[in-house]
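Have the sequence and the 3D view ready as you read.

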Amino acid sequence: FALDHDLTAAETRVLVCLCDGDQPAQIAVQLGVAICTVRTQIGSIRLKTGTGTIRALLQKLASLPPLMGTLRGASGAAFLSRSRSQQEAVCELAVN
């Protein structure tokens, strides 16, 4: 998804946080950037993906087929048993 929409690495990190249910202020703290930076990145993500709102963006992502089988063979259990940071690393590899 990130590659298809030409998202930058920073935009992809923000998108992952949004998918985790984090609010922009939380994302700014987690990523060590100003909230205006996060808001700018969200605006860029929405523009690049053709979505008018964060809700529409998340709905678009939710409609995509699951990638668990692709990432970890037939079962996503191995992926799900990893820590969040390990899962994010796998996802980062998947989008790069």
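## Before we start

Contact, or touching, means heavy atoms within 4.5 Å. This is a predicted model, in which local features need pLDDT of at least 70, side-chain atom pairs count only at pLDDT 80 or more, and totals for chains, interfaces and linings use all residues. Residues are numbered from 1 along each chain as its sequence is written, and side-chain values use heavy atoms, leaving out hydrogens and water.

Which residues does Val14 touch, not counting residues up to four places away in sequence? They are Ile27, Leu31, Val38, Gln41, Ile42 and Ile45.

Val14 also belongs to the largest nonpolar core, which has 13 residues. Such a core is a set of buried Ala, Val, Leu, Ile, Met, Phe, Trp, Tyr and Cys residues joined through side-chain atoms within 4.5 Å. Buried means under 20% relative accessible area (1.4 Å probe, protein chains only). Helices H1 (9-19), H2 (24-31), H3 (35-49) and H4 (54-62) each give two or more residues to this core; helices are DSSP runs (H or I, at least four residues) numbered from the N terminus. H1 supplies the largest share, four residues.

## Where H1 meets H3

The axes of H1 and H3 (lines fitted to C-alpha atoms over the stretch in contact, with angles from 0 to 180 degrees between N-to-C directions) lie 9 Å apart at an angle of about 90°. The two helices are therefore roughly perpendicular, a label for angles of 65 to 115 degrees.

On the H1 side, Ala10, Glu11, Val14, Leu15 and Leu18 take part; they meet Val38, Gln41, Ile42, Ser44, Ile45 and Lys48 in H3.

Conventions. Buried means under 20% relative accessible area, exposed over 50%, partly exposed in between (1.4 Å probe, protein chains only). Angles under 35 degrees count as roughly parallel, over 145 as roughly antiparallel, 65 to 115 as roughly perpendicular and the rest as oblique.
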